[in-house]
Structures are given as structure tokens and as C-alpha cells.
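Me: I'd like to learn how to read a structure like this one. Could we go through it together, feature by feature?

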Amino acid sequence: MTFAGGAADSTGRGSTTGTASQSGQKTKSLVIFVPGVVSGSPIYEMLVSGVKKAVDEKGGANLKVVEGGFNQAEWESKMTSLAASGAYDLIISSNPAMPAICKAVADKFPKQQFLLFDGQLAGNTQIYTLRYNQREQAFLAGYLAALVAKQSGSAKKLGLVAGQEYPAMNEIILPGFLQGARMVDSGFSVDFRVVGNWYDAAKGSDLAASMIREGATVILPIAGGANQGVVQAAADGNAKVVWFDVNGYSIKPGVVVGSAILKQDRAAYEKTKLYLEGTLPFGKAELVGVADGYVDFIDDDPAYIAAVSEAVRKQQAEMVAQFRSGKFSLLENGKEIRK
């Protein structure tokens, strides 16, 4: 199926787009392996959008998108099939699990190259990785959540609903969210609960409703399709939600009061463009954060301005400005760096 920058079909066969080389050089073949599905997954929608923009702009490349589905046990075999076909100069993907999977595949296919986002692996000359500093992202979400909760006069208790437990969630995002909250007031705690999958909106709603009954008034959902259940429970329970990865204010204005985002579309565009220019530094592992322009907090959306008081917005803006300027930053282990 040929298309103009859309998503793969649900069979996993994928779809293609691209332009022929205008310089006589060999046309590059790129494939995006999505560990899940594109539609309804903003982080993967951004990935496809950014890569496609680079391919359309540079020319001389064909692009295919393949959806791998949600069964992680199948990802390595599907990635192996892509590499074994010999059809692709570059395999692109995004997920914390991908570096380890692609290293195993790269060992079997030494000519295959990989461009991976949201994960880290240094020193393998077939693989380039870029990881986002989600400690900073979670910190900004927690800081705003605590400001909103404290102004409401409610208990010093926030909620975090995750689809599943995984290293980045347990070791970076959850502690970063709490760290941001405790920068506002050291008395804050986080009620952390797990759906067990990335689609069960009913269970997400039940978990959030229980949190709200037990005193949490602002919740961060990172649970895929289950996020919708969290938002509805917050609306029904007079609680608030802070969104992650993309701008979520329009999902339910007045309930979603903050959005800490990743600019994966920008990263995918820039790194794909480097590859097409022959300058992507394979073997390198980059970590990027707020000061680099790939992690941020959306503070100019009209729905944010309408939902959050001027006093809270001013405090949040001061913290965000410190991150953007590089005067304040965080290592992934939570160490604070001040300049």
C-alpha cells in the first residue's frame, strides 16, 4: 500500500512512501518499526511524522511503516525479519526496550543500521540512540501538580497511574514526579498504581476513582488507552490531571491542567535528516532534556491559562524558565545541577 506519510495497516505488513533519487545516488530504504500501533499513540504518531518530513524534504529515500503490535515477546522476531530481508538500509524505532532487541539483531546482521529513540545504547557502531530526560519531564509535571493541589487546600497527595511497571517508570518517572512535588512542599506523597496493560480504560477509571476517594486531587496518567478512564474519573471526582508526552489540554479542558511534553517529531526529523545526509553518528547515545529543546512544559495554551490561577502559573513559569535556560537541570538519578 502506497501512501503519503500515513500509518501502517493493522496486519503489520506496513505501508510505504518516498521519492526517487534526483542525484543519481542509490535510493535509501527506511522502515519505521512501531512497537504497538500508530493511531492513537501520540509518541508514535510524532515519530512517523518527523521521519516522513525528513524523507519528503531530502528526497532520495523510500519509507515504510510497520506496526509490531502490543505483544512485546514478538518484537524481536519481527525486527529480525525486517533485518533478514535485507530490504532496508535503516530501521527506525522508539521504545526503551528497543536498544537491547536491536543489539541482538545487529549481532546477526552486521550491515544493518538502526536509529532508535526513547532508549540508550552506546558504543555499537550499527546503532544510534537518543533518550529523553524524563526525570526533568516528570519533575515539571510533579511541580505543577503540587502547586495546584496545594492551592486547593487539599491533602498533600498526588496520584500516578501507569500502564505497566518498567525501569524508566520505577527509577526515573515516578521518583521525578515526587521530586518535583516535594520541591513545592516536602510533605507531598504519590499514590502509585498500575493498570497491568495499556488499554483498559475501565480499570484506569477504577484506580483513579480510588485514589481520589483516598485524597489525591491531581493525577498523572501514563497508561495509554487507560488514560481516558483516568480523565473521566477525575472529571467525576472533581480532581485534576497532568498530561505526559503531548499537549493534552484539549482532551478535557479544565480537568487537564498541565502538559509536560516530549518533542519526538522534532528529534525524529532532525536525526533522520542527519542520516540521509550521511552524518548520523552511529555508536553514540545522546540524552536530551529541557535545555536542549526536546523536553518542555506547555505554558501558553489558552486552556492552561483558563484552568490554572495566575499565581500558580507564575510559579510554574519561573521553574520552567530555569530549566530552559540551563540554570537548573537534573541528572536521571535526581541529582540537581545549578549554574
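Me: In which strand is the place of leucine 30?

Reply: Leucine 30 sits in strand β2 (residues 28-34). Strands (E, at least two residues) and helices (H or I, at least four) are DSSP runs, numbered from the N terminus. Before we go on, residues are numbered from 1 along each chain as its sequence is written. This is a predicted model, where local features need pLDDT of at least 70 and side-chain atom pairs count only at pLDDT 80 or more, while totals for chains, interfaces and linings use all residues; side-chain values use heavy atoms, with hydrogens and water left out.

Me: Is leucine 30 buried or exposed?

Reply: Buried means under 20% relative accessible area, exposed over 50%, and partly exposed in between (1.4 Å probe, protein chains only). Leucine 30 has 1% relative accessibility, so it counts as buried. Leucine 30 and lysine 64 are 34 residues apart in sequence, yet 6.3 Å apart in space, C-alpha to C-alpha. Across the protein, 54% of the 339 residues count as buried.

Me: How do I check a helix, say α4?

Reply: Start with the general idea: an α-helix has 3.6 residues a turn, so residues three or four places apart point the same way. The expected span is 1.5 Å times one less than the number of residues. For the 19 residues of α4 (residues 134-152) that gives 27 Å, and the end C-alpha atoms are 27 Å apart, which agrees.

Me: What surrounds α4, and what is found at its start?

Reply: Of its 19 residues, 16 are buried, so α4 is largely enclosed by the rest of the structure. At its start, a side-chain oxygen of asparagine 133 comes within 3.1 Å of the backbone nitrogen of arginine 135. Just after α4, glycine 153 has a positive phi of about 80 degrees.

Me: Which classes of residue make up the lining of the largest pocket?

Reply: Ala, Val, Leu, Ile, Met, Phe, Trp, Tyr, Cys and Pro count as nonpolar, Asp, Glu, Lys and Arg as charged, and the others, Gly among them, as polar. Here the lining has 26 nonpolar, 16 polar and six charged residues. Its largest share, five residues, comes from α5.

Me: And how many helices and strands does the protein have?

Reply: There are ten helices and 15 strands. Along the principal axes, the C-alpha atoms fill a box of roughly 65 × 45 × 35 Å.

Definitions and conventions: A polar contact is a pair of N or O atoms within 3.5 Å; within protein, one must be able to donate a hydrogen and the other to accept it, and residues adjacent in sequence count only if both atoms are side-chain atoms.
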